[in-house]
Amino acid sequence: MVSHLTVKPHPITKRLIVKIGSSLLVKEDGSANIAWLKTLVHDIAKRHTDGQKVIIVSSGAVALGAQKLGMNGRDNLTNSQACAAVGQIILSKLWSELLQEEGLIAAQTLLTLDDLEDRRRYLNIASTLERLIQEGVIPIINENDSVATNEIRYGDNDRLATRIAQATHAQQIILLSDVDGLYDGDPAHPNAQIIPHIYNIDNDIKSAAKNTSSSGIGSGGMASKIEAAQTAMSSGIDLIIASGKIDYPLSAIDTGAAHSLFHRDTQSSADKGQRKWLNGHVRSSGTLYIDKGAAHALQDGASLLAIGVKKVDGSYKRGDVVDIMDDNSKLIARGLTEYDSIETSQILGKNKEEIAAFLSYPPRSALVHRNHMVLL
């Protein structure tokens, strides 16, 4: 379902993912597009000041490394990985310096999609990003192209942006592109029109994606953006495709510049997206039986603490999915556990101070954190 109504400015969301493609970050001669990046960073700093938590997913390592090494970074996989290894240092330094000019601190995280499919790694990534966000740091995330295989050639930073949005409970994703949105035909044709509103990814939208071109500098394209949008929408996350060919691109969106908005499924939410991940990808490995106080706390949105757990069943590792039962043995929640079954059995019923004295390492904030738990 599409609409050709004008897209209105969007209210600020609590958390935003901004993805920048190689064609925007790198100029035709292979050097970094610093002048444009400064305008984008200024936009990000303004949103940060206004209270929005921003995470950046940035391509560009392969292209910057290719320019430094004087080779074609897309000739073959080995060249791509070598260029990425060199270019990632350049890319990280660039973001760090530009954000520092705005009084912001940057943090680098290199990921592959597999990192967000493995449950233990998923927990580590989500926890790290959450802590960085709480400290006001701007995470810079990129595909780990120096070790990636198929991902390096298919523009997975679009999909990676969506997975990061799910992991951090972001409400909106902005994919900055070399085109200002999805068109109903070839953008080069004078009669082609941008599609401002998309409510459903159907065959017409997929067909439009094939006609909407993208540059040859990066590895992504409109098809990967549509795939990312489909995942975002079903997870209760809005996704915007907008032009990065203009200065201050985020401000331009706010003031009504043309773009395509893929509306989140109003019947879904970020929490339901998390539920889909828990129910669709993994099976429960154990069971936690909790007392009435803990059950009430979960209903009020709290995390599960060890002090509220009465019994543990099953053998599982940290990051596995556990069922959470109330004192009537009714299944009320499911989540990713921060402790394995042996540790859980040793700390159940204990408060934070008692756990700290018992463990040989600082205790984690919860047994099952609310960000990695769904109520059933």
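User: Which element gives the most to the lining of the largest pocket?

Analyst: It is α5, with 7 residues. Elements are DSSP runs numbered from the N terminus: helices (H or I, at least four residues) and strands (E, at least two). This is a predicted model, where local features need pLDDT of at least 70, side-chain atom pairs count only at pLDDT 80 or more, and totals for chains, interfaces and linings use all residues. Residues are numbered from 1 along each chain as its sequence is written, and side-chain values use heavy atoms, without hydrogens and water.

User: What makes an open space a pocket rather than a cavity?

Analyst: The test runs on a 1 Å grid over the protein atoms alone. In a cavity, a 1.4 Å probe fits but cannot get out. A pocket is an open set of points with protein on both sides within 12 Å along at least five of seven lines. Lining residues have an atom within 4 Å of a point. Points join across faces, edges and corners, and the volume is the space filled by probe spheres set on them. For the largest pocket here, that is about 410 Å³. Its lining has 17 residues, and S127, E130, R131, S365 and H369 are the closest to its centre. Two elements give two or more residues to the lining: α5 (119–134) and α6 (157–168).

User: How does the lining of the largest pocket divide into nonpolar, polar and charged residues?

Analyst: There are 3 nonpolar, 8 polar and 6 charged residues. Ala, Val, Leu, Ile, Met, Phe, Trp, Tyr, Cys and Pro count as nonpolar; Asp, Glu, Lys and Arg as charged; the others, Gly among them, as polar.

User: Why is H169 called buried?

Analyst: Buried means under 20% relative accessible area, exposed over 50%, and partly exposed in between (1.4 Å probe, protein chains only). H169 has 14%, so it is buried. It sits in the loop between α6 and β6. Its phi is positive, about 55 degrees, although H169 is not a glycine.

User: What does S329 count as, buried or partly exposed?

Analyst: S329 is at 48% relative accessibility, so it counts as partly exposed. This residue is in the loop between β12 (321–325) and β13 (331–336). S329 also has a positive phi, near 60 degrees, without being a glycine.

User: Why does E143 count as buried?

Analyst: Its relative accessibility is 2%, so E143 is buried. E143 is found in strand β5 (residues 138–143). Its C-alpha is 8.5 Å from that of V57, 86 residues apart along the chain.

User: Why is R159 called partly exposed?

Analyst: R159 has a relative accessible area of 26%, so it is partly exposed. It belongs to helix α6. The C-alpha atoms of R159 and K225 are separated by 7.4 Å, though the two are 66 residues apart along the chain.

User: How do you know that the charged end of K311 sits over the ring of Y289?

Analyst: NZ of Lys or CZ of Arg must be within 6 Å of the ring centre and within 35 degrees of the ring normal. The charged end of K311 is 5.3 Å from the centre of the Y289 ring and sits over it. R364 likewise lies over the face of Y339, at 5.2 Å.

User: What makes a set of residues a nonpolar core?

Analyst: They are buried Ala, Val, Leu, Ile, Met, Phe, Trp, Tyr and Cys residues, joined through side-chain atoms within 4.5 Å. The largest such core has 43 residues, and I17, I164, I173, L182, L239 and F262 have the most contacts inside it. A second, separate core has 33 residues, including L37 and L176.
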